[in-house]
Amino acid sequence: MSSILIKNAEIVTMNNQEEIIFGDLYIVDDRIVDVGKDLPYAAQKVIDARGRTVIPGFIQTHIHLCQTLFRGQADDLELMDWLKKKIWPLEASHDAESSYYSAMLGIGELIQSGTTTIVDMETVHYTDEAFQAIDQSGIRALAGKVMMDLGEEVPEGLRENTNDSIQKSVDLLEKWHLHDNGRIEYAFCPRFVVSCTEELLIEVQKLSQKYHVKVHTHASENRGEIEIVERERGMRNVVYLDYLGLANESLILAHCVWLDEEEKRIIKVRGVKMTHCPGSNLKLASGIADIPGMIDRDAFISLGADGAPCNNNLDMLNEMRLAAIIHKPTYGPTSMDAKTVFRMATIGGARAVGLEDQIGSIEIGKKADLAILNLNDFHMYPSFGVDTITRIVYSATRADVETTIINGKIVMENRFLKTMDKEIILKESNKAIKRLLGKIPNLQA
């Protein structure tokens, strides 16, 4: 049995009352056992958090760890050119080692910025190596291999046989789903309608029901993508997914920038979980999703940074700030207040992955997934009379995250990563991208 006592902290609980408590937090093994003032427990590890702020760990519901290695390799392009000219050839060049270090590089960045749970979509091959990185790092993850069995412009290295894609996905599910007492879960990840046959999507729907697992895919990110889907399937993205039976409470849909009224209705009525990726949508010039409108419909909305080559960082603090400010010119200054955005990053993400009874808030009985922030610096002051969540959403940076705890284990303490060797990962990441670029000397400009 292990135990941690965090003392003298400002604790942002995100419980039903959204209380902020000044006091202590007691953790035994992977669970929060008590929260309150002057707790009487002895513990193996005591953290004096005087002057520090404890928050629920961030939950990012759309990430591509396999792409972290491609940061800076695909800038200043719109979605379909970005995929066809850069990302698909780069993903096709992956090997086992590069996949592993790409995942470790991304996870290190996520942990350093207070993210404790991710929904990760890998590439076609070497997903087992990404799961090994997830396992070793200690991060909580819902992840799966990408599925792609259609597309003339898809590189040969990514184009799959339908049956092979399904079998490889099931094999990975049976190996990794509920690994480490449920810290790691599996999701089926058809990339998007453009690169998946109807046969594949129908089988994914059946397998999701059979195994009781999530489906994670992209939809309506870009108007050119929507035109292809309408031309080839005769319907818009979300309508088509609903037609196939995929639009349900197990579906996590990334982006949803260009939805029509019927698609918005389907997302709400079916309980589809929608991931807002403001940084990625802006950098790829995709547009700005109608998040305030979907909030008014009581839709389930969470946040994700997407991948490093379409965002250039995986920092939830950056995503929260963007989500809070980009909608104000259109919807008004109060349309996306700090508390709304902070909910999306914490308990909203927990609802998206179906773990709201386990993570997303600091409450007795929940998993100990936390971040400890030091908000005592020039960019955070003056603090007098300023709401804590407002300070975090509008002013905090990743450098303010001192300690990250996942599943009751300290994975970063005082900015030192305890489950990975940072210097080795940085060195091997550079070696890996150099090797991959050498395989594709004719990568399009």
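## Close-up legends

**View 1. The backbone nitrogen of Glu-97 sits 3.2 Å from a polar atom of the Asp-95 side chain.** Like every panel here, this one is drawn from a predicted model. Asp-95 belongs to the loop that runs between helix H1 (79-92) and H2. With a relative accessible area of 15%, Asp-95 falls under the 20% cut-off and therefore counts as buried. If you skip its neighbours within four places in sequence, the residues in contact with Asp-95 are Tyr-126, Arg-435, Leu-436 and Lys-439.

**View 2. Ser-169 in helix H4 (residues 162-176).** Is Ser-169 buried or exposed? It's buried, at 0% relative accessibility. A polar atom of the Ser-169 side chain lies 2.9 Å from the backbone oxygen of Ser-165. Not counting residues up to four places away in sequence, Ser-169 also touches Lys-145, Met-147, Tyr-186 and Phe-188.

**View 3. Asp-290 in the loop between helix H10 (278-283) and helix H11 (291-296).** The relative accessibility of Asp-290 is 18%, so this residue counts as buried. Which residues does the Asp-290 side chain reach through polar contacts? One is Lys-264, whose side chain makes a polar contact with that of Asp-290 at 2.8 Å. Another is Gly-293, with its backbone nitrogen 2.9 Å from the Asp-290 side chain. Leaving out neighbours within four places in sequence, Asp-290 is in contact with Lys-264 and with Tyr-331.

**View 4. Helix H12 (residues 316-325) and its cap.** Asp-315 caps the N-terminal end of H12, placing a side-chain oxygen 2.9 Å from the backbone nitrogen of Leu-317. As for the helix itself, 7 of its 10 residues are buried, so H12 is largely enclosed by the rest of the structure. The buried residues of H12 are Met-316, Leu-317, Glu-319, Met-320, Leu-322, Ala-323 and Ala-324.

**View 5. H12 packs against helix H16 (residues 388-395).** The two helices meet at an angle of about 100°, and their axes are 7 Å apart. Angles of 65 to 115 degrees count as roughly perpendicular, and H12 and H16 are therefore roughly perpendicular to each other. From the H12 side come Leu-317, Met-320, Arg-321, Ala-324 and Ile-325, while H16 brings Ile-392, Val-393 and Tyr-394. By class, that contact has 7 nonpolar residues, 1 charged and no polar ones.

**View 6. Met-320 in the largest nonpolar core.** This core has 127 residues, and Met-320 and Phe-342 are the two that touch the most other members. Where does the largest share of the core come from? Helix H2 (residues 96-112) supplies it, with 8 residues. Apart from this core lies another one, of 17 residues, including Ile-11, Leu-25, Ile-32 and Ile-410. Back to Met-320: setting aside neighbours within four places in sequence, the residues in contact with it are Phe-58, Leu-303, Val-341, Phe-342, Ala-345, Ile-392 and Val-393.

Definitions and conventions. Residues numbered from 1 in each chain as written. Predicted model: local features only at pLDDT ≥ 70, side-chain atom pairs only at ≥ 80, totals over all residues. Heavy atoms only, no water. Axes fitted to C-alpha atoms, helices over the stretch in contact; angles between N-to-C directions. Helix = DSSP H or I, 4+ residues; strand = E, 2+ residues; numbered from the N terminus. Parallel < 35°, antiparallel > 145°, perpendicular 65-115°, else oblique. Contact = heavy atoms within 4.5 Å. Nonpolar A, V, L, I, M, F, W, Y, C, P; charged D, E, K, R; others polar. Core = buried A, V, L, I, M, F, W, Y, C linked by side-chain atoms within 4.5 Å. Buried < 20%, exposed > 50% of the residue type's maximum accessible area, 1.4 Å probe, protein only. Polar contact = N/O pair within 3.5 Å; in protein donor to acceptor, adjacent residues only side chain to side chain.
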